[in-house]
Structures are given as structure tokens and as C-alpha cells.
Amino acid sequence: MPRELKTMRDVFIEEIYSRMKKNKSIFFLSADLGAPALDKLRKDFKDRFLNVGIAEQNLINIATGLALEGYITYAYGISAFVITRGYEPIRQNLSIASQIRSLNVNIIGIGTGLSYVLSGPSHHSLEDLILAKSLPNFVVFSPSDPILVQKFVEYSLKKNSPKYLRLDGKPLPSIYDKIKNLNLENGFYELVKGGKTCLVATGFMTHRVLNVAKRIKNVGVIDVFLLKPLNKALLTQTLKKYKYVITVEEGFINSGGLDSLVLEIIHENNLKVKFKNLGIKNSHIFELGDRNYLHKLNQLDEESIIKKIKQWKQ
């Protein structure tokens with residue numbers, strides 16, 4: 001029987017719950033965002049759970065204060081709001097302060113990209129990766145499947161620095177269930193070894209490009225899940241094998257996201273590759289429809305990606 005699909009959120013909360021049983025230094029905060037998986041945690045750890053209400057700035061302030069008292073804190077909210085409303089205290093309390101002393105604060109943004117597709121542009125999270133990636137002293141984690149989320153919990157407990165964990169809002173199938181040699185700290189994994197062309201993606205779009213690779217022969221796929229810190233030397237060695245490198249992301253392009261990270265590596269190392277970026281142009285999306293429909297409008301569906309690859313290589 002196929003494995004039951006779970007949201008990244010539920011897998012993450014369940015793993016945190018199991019760790020809270022043994023580790024009394026873990027404190028969980030929510031910005032008035034609930035989930036069935038959260039009910040058990042809230043009930044069994046009343047002294048280490050707090051709902052701060054719809055107040056993302058206060059969420060960050062309290063999480064920072066608890067971290068200063070020695071707690072490992074997890075601050076949970078909707079991605080489009082926790083990173084934008086909370087940006088000033090994130091910058092002041094975490095990015096700046098953590099350069100002076102260690103602070104283990106983990107910001108969990110739920111519903112990245114177009115996860116909350118029917119709620120319109122107010123709930124789309126197309127710049128969260130860009131904002132978090134720009135912050136000094138921050139870890140930025142963008143997983144493509146629930147297995148990576150589960151593995152990240154151990155990393156988050158040990159890595160004593162502020163972090164932003166961006167989670168897709170929809171249940172997604174596992175990618176890494178049969179991969180044994182994964183080193184999370186490398187920051188990426190070459191899921192498919194290709195010939196001349198390589199697709200580089202993160203988060204939900206890794207599933208999209210894997211489907212593309214099944215339809216076009218000899219197309220490689222690299223999943224970048226830890227954008228900061230990243231083993232740039234290893235990624236450079238992987239990219240230099242290819243002639244064409246295409247980034248695909250469910251976020252604004254030419255603005256400091258995944259495409260900027262890859263292009264920086266190409267330029268710094270003078271790689272002899274041709275580069276193209278696919279994503280959302282710097283404009284909000286007001287059209288309504290499911291995720292596939294919005295992807296088609298923005299040429300991020302499988303057919304559009306395949307067409308662009310073929311046109312570019314002619």
C-alpha cells in the first residue's frame with residue numbers, strides 16, 4: 001500500500017513532540033495558528049507552549065527572550081506573515097544579536113510559495129526565502145519532502161543559531177526515503193544525474209522538476225534544501241559537469257532567491273555553463289485557481305518547463 005501522505009507541518013510537530021519528552025529546554029510558540037498535531041503538544045507540555053495570538057512581532061520577541069534564558073525555541077506562524085511582520089525584530093533581535101552571542105531560535109513558516117493558493121496574494125509567500133537569505137548569521141532551510149523536515153529537527157537542536165524553516169502547506173510524497181548517503185549539511189543533493197542539462201530547484205518545485213526529468217532523457221536534478229549555510233565548493237563541482245543549468249523556484253526571480261545563489265557560484269568560479277532562471281516575475285498574482293493553474297499562467301508547469309528547455313537548447 002502507498003504510504004500515507006503527511007504535511008511537513010505535522011511531521012515536524014510530531015518530531016518536536018517526541019524531542020520535548022526528553023529535552024526540557026525546548027519551548028514552542030504559535031502565532032494563533034493551530035493544527036491537529038499541535039493539540040497533543042499543547043496539552044502535554046502546557047508549561048512549554050504559548051499561543052501569542054496574531055502578533056508575529058511579539059512572537060519573535062518572546063522567542064528571543066526565552067532563548068536568552070537558555071531555551072531552544074520554535075516560533076510557528078504563516079510564512080507570508082511571520083517573515084514580513086516579524087522582519088524588524090528578526091533583524092534586530094536575532095540577526096544582529098546572534099553575532100554577539102548564541103541564540104537558538106527556529107522560525108517555522110507554514111505555507112510557502114503558493115501553498116495557500118486560494119487566499120490570494122496576501123497569503124502567497126514568494127519573497128520569504130529572499131528575505132531570510134539576506135540576513136547575516138541565519139540558517140535558511142527549504143525542504144522538498146517530509147523526510148528532510150524530520151532530519152532537520154536534530155540539526156536545529158544542535159545548531160546554535162537563528163534559523164528560518166520554510167514548510168509547504170500541502171501533503172507531499174517522500175523523495176529521500178530510499179537515499180542512504182544524505183549529508184544534510186552539504187545543503188543539496190543530486191537526485192538525478194544528467195547529461196548536459198541540469199534543473200536546480202528547492203521546496204515544492206523539486207517535485208515538479210523530477211517529473212520533468214522523467215519525461216526528458218538525460219536531464220539532471222539538484223535539490224537545494226539548505227541555502228544557508230551551503231557547501232558551495234561541492235555544489236560548484238556538481239554544476240561544472242553540466243553545460244546548461246536552469247533554476248526553477250516558486251518565488252520571485254532576479255531578486256536574491258535560489259537563482260541568485262546559483263548564479264553567484266557560477267560567476268565566482270568562472271564556470272563554463274549557460275544559465276537560465278524560471279520562477280515568478282516580480283509581480284503579485286491576483287488570479288484565482290489551483291496551484292497547477294497558477295503555475296501554468298506563470299510558465300512553471302511541466303509542459304512550459306519542457307518547452308523552455310527544448311527552445312533554449314536549439
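Author: A salt bridge is a side-chain nitrogen of Lys or Arg within 4 Å of a carboxyl oxygen of Asp or Glu. This is a predicted model, in which local features need pLDDT of at least 70 and side-chain atom pairs count only at pLDDT 80 or more, while totals for chains, interfaces and linings use all residues. Residues are numbered from 1 along each chain as its sequence is written, and side-chain values use heavy atoms, with hydrogens and water left out.

Reader: How many salt bridges does that rule give?

Author: Side chains of opposite charge can pair when their charged atoms come close. Here the count comes to 15 salt bridges, and one of the pairs is Glu190 with Lys241, whose side chains meet at 3.0 Å, N to O. This pair links distant parts of the chain, since Glu190 is in strand S7 and Lys241 in the loop between H9 and strand S11 (244-252), 51 residues apart. Helices (H or I, at least four residues) and strands (E, at least two) are DSSP runs, numbered from the N terminus.

Reader: Is Glu190 buried or exposed?

Author: Buried means under 20% relative accessible area and exposed over 50%, with partly exposed in between (1.4 Å probe, protein chains only). At 12% relative accessibility, Glu190 counts as buried, whereas Lys241, with a relative accessible area of 47%, is partly exposed.

Reader: Which residue meets Arg19 in a salt bridge?

Author: An α-helix has 3.6 residues a turn, so residues three or four places apart point the same way. The side chain of Arg19 meets that of Glu15 at 3.1 Å, N to O, and the two, being 4 residues apart in helix H1, are separated by about one helical turn. Glu15 counts as buried at 13% relative accessibility, while Arg19 is partly exposed at 22%.

Reader: At what angle do the axes of helix H9 and helix H10 cross?

Author: Two packed helices are described by the angle between their axes and the distance between the axes. The axes of H9 (residues 232-239) and H10 (residues 258-268) come within 10 Å and cross at roughly 80°, which makes H9 roughly perpendicular to H10. Angles of 65 to 115 degrees count as roughly perpendicular.

Reader: Which residues in H9 meet H10?

Author: Lys232, Leu235, Thr236 and Leu239 in H9 meet Leu261, Val262, Glu264 and Ile265 in H10, where contact means heavy atoms within 4.5 Å.

Technical notes:
Axes are lines fitted to C-alpha atoms, for helices over the stretch in contact, and angles run from 0 to 180 degrees between N-to-C directions. Angles under 35 degrees count as roughly parallel, over 145 as roughly antiparallel, 65 to 115 as roughly perpendicular and the rest as oblique.
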